[in-house]
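Q: Hi! I've just opened this one and could use a quick tour. Can we go through it together?

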Amino acid sequence: RYGRLVSSHKPYVQGLVPFVRVRDVMGSTAFYELFGFEVLESFEPGGHRVWCWLEQHQARLMLEEAGGPVVAGEQAVQFYVYADDLEELHERLREAGFEPGPIGPGAPGPDREFRVDDPDGYCVMVIDTSEMSLHPLAEP
């Protein structure tokens, strides 16, 4: 249905940041801080955080208060997080009250990964960086 567009123009896109609507920005922020994310910017009218920008190395994420229920299954989004020490992160998530799945193979992809759902039920796949490399965008 969709053909590949061939263009001689250089690409315009320099990055892509997931923008996720969540029930509770502070709760979701705390979850993603377990992965090492840091809040770089936030919007907090009346002391209530309704939006924030998080970063960890090249990973970026924006969270915004949904203002109502969030149904993760209707969002059709999944996150892949690349981590250095799966066992330590798995344990940190478990101790924080989340229920990460077992570390196992991720066919056809990496040999070591696990799944954990964020506070709104969004699927976060955690991949062992020693099993996969992140390839920077090739220069045009």
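**The sheet and its helix**

A: Happy to! In this predicted model, four strands make an open, mixed sheet in the order β1-β4-β3-β2. Strands are DSSP runs of E with at least two residues, helices are runs of H or I with at least four, both numbered from the N terminus, and strands pair if DSSP finds at least two bridges between them.

Q: Which strands stand at the edges?
A: β1 (19–22) and β2 (38–43) do; each has a single partner strand, so one side of each is left without a neighbour in the sheet.

Q: How many bridges join β2 to β3?
A: Five, and the two strands run antiparallel.

Q: Which residues of α1 are buried?
A: V25, S28, T29, F31 and Y32. Buried means under 20% relative accessible area, with a 1.4 Å probe and protein chains only.

Q: Let's zoom in on T29. What does T29 touch?
A: Leaving out residues up to four places away in sequence, T29 touches V39, R49, C52, L54 and L63. T29 is buried, with a relative accessible area of 2%. Its side chain also reaches the backbone oxygen of V25 at 2.7 Å.

Q: Anything on how to read all this?
A: Residues are numbered from 1 along each chain as its sequence is written, and side-chain values use heavy atoms, leaving out hydrogens and water. As the model is predicted, local features need pLDDT of at least 70 and side-chain atom pairs count only at pLDDT 80 or more, while totals for chains, interfaces and linings use all residues.

Methods: Buried means under 20% relative accessible area, exposed over 50%, partly exposed in between (1.4 Å probe, protein chains only). A polar contact is a pair of N or O atoms within 3.5 Å; within protein, one must be able to donate a hydrogen and the other to accept it, and residues adjacent in sequence count only if both atoms are side-chain atoms. Contact means heavy atoms within 4.5 Å.
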